[in-house]
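Please keep the viewer open as you read.

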Amino acid sequence: MSPLVERFAFPKNLTRGKRLRVICTVTEGDLPIEVEWWKDGLKIGGSQSHESPNSQFPGLGIQVRRIDEFTSLLAISFLETTHAGNYSCVASNSVASFLRSATLTIRGKFIEDADQNSEEKKMSDTIWAFI
């Protein structure tokens with residue numbers, strides 16, 4: 001049987017410095033099942049380890065931990081704007097692969113017009129959603 005990944009979502013109003021934990025649960029599928037996390041189309045790390053050597057995001061503080069045969073945890077201990085983006089949980093077995101995605105946004109401050117001189121620069125609230 002093909003794997004099926006349960007929907008997951010990121011909390012609203014996340015800001016820089018907060019912690020984040022998201023669970024990917026595979027509700028159906030024949031064993032063995034491989035579970036991977038991806039960010040913006042790039043693999044984050046191995047399904048068995050955290051910040052594995054093959055990670056495309058070394059040093060970004062993104063951890064992937066396999067909880068059991070059907071569950072994987074994505075953890076970020078200190079959110080930065082660079083963590084914003086499209087995250088996917090991919091479950092694969094010998095029959096098929098199933099991908100479920102959600103967008104992580106980080107609220108913060110930015111400079112509206114970088115071309116203005118320092119006296120004219122204004123700070124304003126915005127949402128970073130780099131996807």
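Is the link of cysteine 24 and cysteine 89 left-handed or right-handed? With -75° about the S-S bond, this link is left-handed. Before going further, note that this is a predicted model, in which local features need pLDDT of at least 70 and side-chain atom pairs count only at pLDDT 80 or more, while totals for chains, interfaces and linings use all residues. Residues are numbered from 1 along each chain as its sequence is written, and side-chain values use heavy atoms, with hydrogens and water left out.

**The disulfide**

The structure holds 1 disulfide (a pair of cysteine sulfur atoms within 2.5 Å). Its S to S distance, between cysteine 24 and cysteine 89, is 1.8 Å. Cysteine 24 sits in strand S2 and cysteine 89 in strand S7, 65 residues apart, and the pair links distant parts of the chain. Strands here are DSSP runs (E, at least two residues), numbered from the N terminus. Both cysteine 24 and cysteine 89 are buried, where buried means under 20% relative accessible area with a 1.4 Å probe, protein chains only.

**The sheet**

An open sheet is formed by 4 strands in the order S4-S3-S7-S8, with antiparallel pairing; two strands pair if DSSP finds at least two bridges between them. Strand S4 (42-45) and strand S8 (97-104) stand at the edges with a single partner strand each, so one side of each is left without a neighbour in the sheet. Strand S3 (residues 34-39) and strand S7 (residues 85-92) pair over 6 bridges. Valine 35, for its part, has alanine 91 in S7 as its bridge partner.

**The core and its rings**

The largest nonpolar core has 24 residues; such a core is a set of buried Ala, Val, Leu, Ile, Met, Phe, Trp, Tyr and Cys residues joined through side-chain atoms within 4.5 Å. Its members touching the most others are Phe10, Leu20, Trp37, Leu74, Tyr87 and Leu104. S2 gives the largest share, 4 residues.

Ring pairs link Phe8, Phe10, Trp37 and Tyr87 into a cluster. Rings of Phe, Tyr and Trp (its six-membered ring) pair if their centres lie within 6.5 Å; planes under 30 degrees apart count as stacked, over 60 as edge-to-face and the rest as tilted. Two of these pairs are set out here.

| Pair | Centre to centre | Angle of planes | Type |
|---|---|---|---|
| Phe8 and Phe10 | 5.9 Å | 90° | edge-to-face |
| Phe8 and Trp37 | 5.2 Å | 70° | edge-to-face |

Phenylalanine 8 lies in the loop between strand S1 (4-5) and S2, and tryptophan 37 in strand S3, so their pair ties together parts 29 residues apart in sequence. Phenylalanine 8 is buried at 9% relative accessible area, and tryptophan 37 is buried at 0%.

Notes
Buried means under 20% relative accessible area, exposed over 50%, partly exposed in between (1.4 Å probe, protein chains only).
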